[in-house]
Amino acid sequence: MSYTAKDIRNICLLGHGGDGKTILTEDMLYLTKGSDRLGSITDGNTVSDFDPEEIKRQYSISASIVPVEFEKTKINVLDNPGFFDFAGEIVQSLRVADAGLVVLSAKGGIAVGTEKAWKSLKDANKPTMFYVSKMDEDHANYYKVVDDLRAQFGNTVVPLVFPMMQGEKCVGLVDLLTRTAKDTQGNACALSAEAEERCEEYMMSLNEQVAETSEELMEKFFMEEPFTEAELIQGVKDGVRSRSITPVFCGSALAGYGSKMLMEYIVKFCPNPLEGLALETEDGGEFALTADGAASVFVFKTTSDQFGKNSYFKVISGELTEGSALTNVRTGGSEKLSNIFVAKGKNQTKVSKLCAGDIGVATKLSNVQTGDTLTAGKTPAIKGMEYAEPYYSMAVYAKVKGQEDKISAGLTKLNEEDRSFTVKIDKETKETILSGVADIHLGVICAKLLGRFKVEAELKPAKIAYRETIKKTVEQQGRHKK
């Protein structure tokens with residue numbers, strides 16, 4: 001299906017490890033018939049986690065792009081790792097996402113990863129939403145989670161979808177804006193007395209936040225006049241985009257409810273790429289994404305496989321067509337995009353063109369790096385990614401002597417994919433020092449060296465270059481003859 005920029009939504013999934021981002025992506029894909037089964041992390045067959053290390057460890061270590069086609073809209077879901085060791089992936093995803101969805105567990109509530117996700121989205125000034133997952137689990141407490149969210153992140157947090165409970169069991173979901181409910185099978189059902197009370201409570205909070213989106217609505221609110229349905233929807237839309245409203249949704253991806261409502265609201269309230277924030281340029285200016293003009297792309301991620309290098313990009317102006325010759329603003333060289341693809345996890349589908357705002361993949365661009373801008377016109381260089389300085393350092397050695405060159409070449413290749421780690425030779429100790437975020441990060445790098453380049457590396461504490469120094473006080477007398 002052919003899309004325009006207005007039909008695209010780029011959503012970044014963030015949150016603590018294990019809170020349900022990957023399985024939510026799976027459910028969205030399965031509901032829209034993008035896959036023929038609901039993948040399982042335990043079975044290692046999810047679309048998002050396809051790297052051998054991800055399957056082995058049973059958690060995400062890199063961001064994956066999964067397009068979900070829903071109601072004539074293409075939702076590009078960027079599923080990110082929850083462990084802090086791989087925060088570099090989040091930095092890259094946020095550069096091309098137009099909104100963020102923070103996933104947290106109904107039982108676990110706010111975790112450190114939730115707080116970090118909120119801060120990342122706040123710093124990037126991206127529209128933010130919460131999704132309370134795993135509503136089918138024992139001791140799930142949606143209302144406590146919402147109260148905690150409001151206490152920690154402010155009154156902008158407003159539930160738009162909340163559960164109907166029967167004891168401790170979720171039996172349905174309520175849509176606040178329509179004041180309707182559906183059971184966990186997706187069938188319409190009546191609101192319970194408790195749900196009616198919750199509707200009144202949450203609608204009061206929502207009205208207060210909607211009133212702040214315009215002077216006309218504020219005046220109407222103070223006059224105690226009810227908002228029309230159109231005013232309410234437009235107010236929520238404006239509030240989400242200005243970060244004055246942070247919606248909360250809920251559901252259970254494993255039990256199969258909540259994801260459809262979530263996608264409906266993503267389409268309705270999240271900005272399309274043309275409505276998103278302008279990109280910052282290297283010279284300190286701004287570049288607003290446009291559907292017009294010459295084709296330009298921004299490369300935000302690089303991977304490699306047995307077939308070569310894959311450059312993931314977002315089209316930031318014009319329409320990109322197969323075979324386009326673009327100029328790399330950094331090098332001044334010409335790059336021909338002979339083949340362009342749309343990625344769905346590890347699978348790539350060849351396409352003839354991509355519209356502004358869409359995300360694609362180009363192969364075999366040997367001189368292109370993460371952060372490069374390619375253009376057929378005069379688009380300025382978009383500012384590259386800034387990663388946190390790596391503080392955890394270890395010396396890396398080859399387990400088999402004579403394979404040092406293989407380790408060096410492998411680390412160079414892996415560093416093209418992951419810019420959040422550094423490699424250097426200590427001039428004094430002659431050791432190769434590998435610096436990353438934490439021990440898991442360095443462990444994954446060594447595992448990839450073995451898996452991809454067939455060279456076994458081991459990590460050791462780095463040697464300390466001791467120097468001679470003054471250790472005690474002495475007295476000496478000298479005479480100067482002139």
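At roughly what angle do the axes of helix 1 and helix 9 cross? Keep that in mind, everyone, while you look at the model, which is a predicted one.

Here is the answer. The axes of helix 1 and helix 9, residues 259–269, cross at roughly 85° and come within 10 Å. Angles from 65 to 115 degrees count as roughly perpendicular, and helix 1 and helix 9 are therefore roughly perpendicular to each other. On the helix 1 side, the contact is made by Leu24, Asp27, Met28 and Leu31. Helix 9 brings Ser259, Lys260, Leu262, Met263 and Ile266 to that contact. If you are new to this, two packed helices are described by the angle between their axes and the distance between the axes.

Let's stay with helix 1 for a moment. Helix 1 covers residues 21–31, and nine of its 11 residues are buried. The buried ones include Leu24, Asp27 and Met28, and those three also take part in the contact with helix 9. After helix 1 comes Lys33, with a positive phi near 65°.

Eight strands form an open sheet, and the order is 18-17-23-14-15-22-19-20, with antiparallel pairing. At the edges are strand 18, residues 334–337, and strand 20, residues 347–351, and each of them pairs on one side only. On average, neighbouring strands in this sheet are turned by 40° against each other, direction ignored. Helix 3, residues 87–96, packs on the sheet and touches strand 14, strand 15 and strand 22. The direction of helix 3 makes about 150° with that of strand 14.

Let's zoom in on one pair of strands. How many bridges join strand 15 to strand 22? There are five, and the two strands run antiparallel. Find Phe313 and look across: Gly360 in strand 22 stands opposite.

Phe300 touches Phe313, and its other contacts include Ile65, Leu78, Tyr312 and Met385.

Next, helix 11. This helix runs over residues 439–453, and its 15 residues reach 21 Å from the first C-alpha to the last, close to the 21 Å expected. Its buried residues include His441, Leu442, Val444 and Lys448.

As background, most residues other than glycine have a negative phi. Lys72 is not a glycine, and yet its phi is positive, about 60°. You will find Lys72 in the loop between strand 2 and strand 3. Is Lys72 buried or exposed? Its relative accessibility is 66%, so Lys72 counts as exposed, the cut-off being over 50%. Lys364 also has a positive phi, near 60°, and sits in the loop between strand 22 and strand 23. At 67% relative accessibility, Lys364 counts as exposed.

Conventions:
Residues numbered from 1 in each chain as written. Predicted model: local features only at pLDDT ≥ 70, side-chain atom pairs only at ≥ 80, totals over all residues. Heavy atoms only, no water. Helix = DSSP H or I, 4+ residues; strand = E, 2+ residues; numbered from the N terminus. Expected span 1.5 Å × (residues − 1). Buried < 20%, exposed > 50% of the residue type's maximum accessible area, 1.4 Å probe, protein only. Contact = heavy atoms within 4.5 Å. Pairing = 2+ DSSP bridges. Axes fitted to C-alpha atoms, helices over the stretch in contact; angles between N-to-C directions. Parallel < 35°, antiparallel > 145°, perpendicular 65-115°, else oblique. Lists of a residue's contacts leave out its neighbours within four places in sequence.
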